[in-house]
Each structure stands twice: as structure tokens, then as C-alpha cells.
Amino acid sequence: MKYGVVSTGFPGWDKAVEKFQARYIREIKRIVAETAEMIATQAKALAPVDEGNLKRSIEVDIRPDGLSAEIKVTANYGIFVEFGTGIYAEGGNGRKDGWVYFADGRYWYTEGMKSQPYWRPAVEQGAQYFKSEMNRLG
């Protein structure tokens, strides 16, 4: 009778699990990167063109571990384009009357601007892609 460590299962089990895990994580990293790039590309395609600043301000940052990403809009007015302003703001959250401002050497009157969603549609498309790809993994 042998005493000591008893091994069960098949030889190489640990190695097989490690190999499977590495492949699975590699696939998740691919899906995260593809989804982030898809969202950024779609947001840029949907962003209204003024001078191109809004499109250029959309950036992707894949985190060092590759398992998450940040997609951001750095143009400070991006949220106003997405949700609108003044009387046109989504959800009634804007000013209720018009206002005057000074720009380009003259005074302007506005009641706001209508929303021009570019971000939410891009995120929704990316979320669908991410979900379908993750479901394929099991």
C-alpha cells in the first residue's frame, strides 16, 4: 500500500485548465478591445460635424489588464450635443426661455439646440455586440 499524495483525474489536468483559461481570457480581451473600438467608431460616425472637434475628441483607452476599456468624449460640449439644450433639452431639463450670448463679435439669441444623439446609439450597438460575443464564449 502506498502512502502520501493521491492523485485523481487524468494526467495533465492542471495544464489543460491553465491552457483553457488563458485562451478564454485572450478571447475576452479581444471582445473588450473590439467593442471599445466599435463604440468609438460608431460615435464618431454619428457625431454631427461642426469643425470635427467632437469627432476628434472621442478616445479609447484599453486598460493594462485588457479586461476593460474606457471610451470618452473629451469635448466639453459633447453632452449638450447628445441631450440638447434650452427648450429642446431632453427630459425638459433645459432653460425654459431663450437667452442672448456674445460670440464672433456680435450678440446672438437662441432658445437652445435639439439633441443630436451620437453616444447612446453607439453604446447600445456596442452592448449588443459585446453580449452576443460573450454568449458565444459560453
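Which exposed residues does the face of H4 turned away from its buried side carry? I started my notebook with that. The model is predicted.

**Entry 1: helix H4**

I looked up the exposed face of H4 and found Glu-124, Gln-128, Lys-131 and Asn-135 there, turned away from the buried side. Then I checked the extent of H4. It runs over residues 119–137 and has 19 residues. From first C-alpha to last it reaches 27 Å, close to the 27 Å expected at 1.5 Å a residue.

Next I looked for the buried residues of H4. They are Ala-122, Gly-126 and Glu-133. These cover an arc of only 30 degrees around the axis, so they sit on the same side of H4. I asked what covers them, and the cover includes helix H1 (13–46). I also looked just past the end of H4. Gly-138 follows, and its phi is positive, near 110 degrees.

**Entry 2: Glu-133**

I went back to Glu-133, which lies in H4. Why does Glu-133 count as buried? Its relative accessibility is 10%, and buried means under 20%. I then listed its contacts, leaving out residues up to four places away in sequence. Glu-133 touches Arg-30 and Ile-31.

**Entry 3: a nonpolar patch**

Val-100, Phe-102, Tyr-107 and Tyr-109 make a nonpolar patch of about 520 Å². Which strands each supply at least two residues of the patch? I found strand E3 (99–103) and strand E4 (106–110).

Is Phe-102 buried or exposed? Its relative accessible area is 51%, so Phe-102 is exposed. The cut-off for exposed is over 50%.

Notes:
Residues numbered from 1 in each chain as written. Predicted model: local features only at pLDDT ≥ 70, side-chain atom pairs only at ≥ 80, totals over all residues. Heavy atoms only, no water. Helix = DSSP H or I, 4+ residues; strand = E, 2+ residues; numbered from the N terminus. Expected span 1.5 Å × (residues − 1). Buried < 20%, exposed > 50% of the residue type's maximum accessible area, 1.4 Å probe, protein only. Arc of directions from axis to C-beta. Contact = heavy atoms within 4.5 Å. Patch = residues over 30% accessible without salt bridge, like charges linked within 9 Å, V, L, I, M, F, W, Y side chains within 5 Å. Areas by Shrake-Rupley, 256 points an atom, 1.4 Å probe, with all protein chains shown as cover. Salt bridge = Lys/Arg side-chain N within 4 Å of Asp/Glu carboxyl O.
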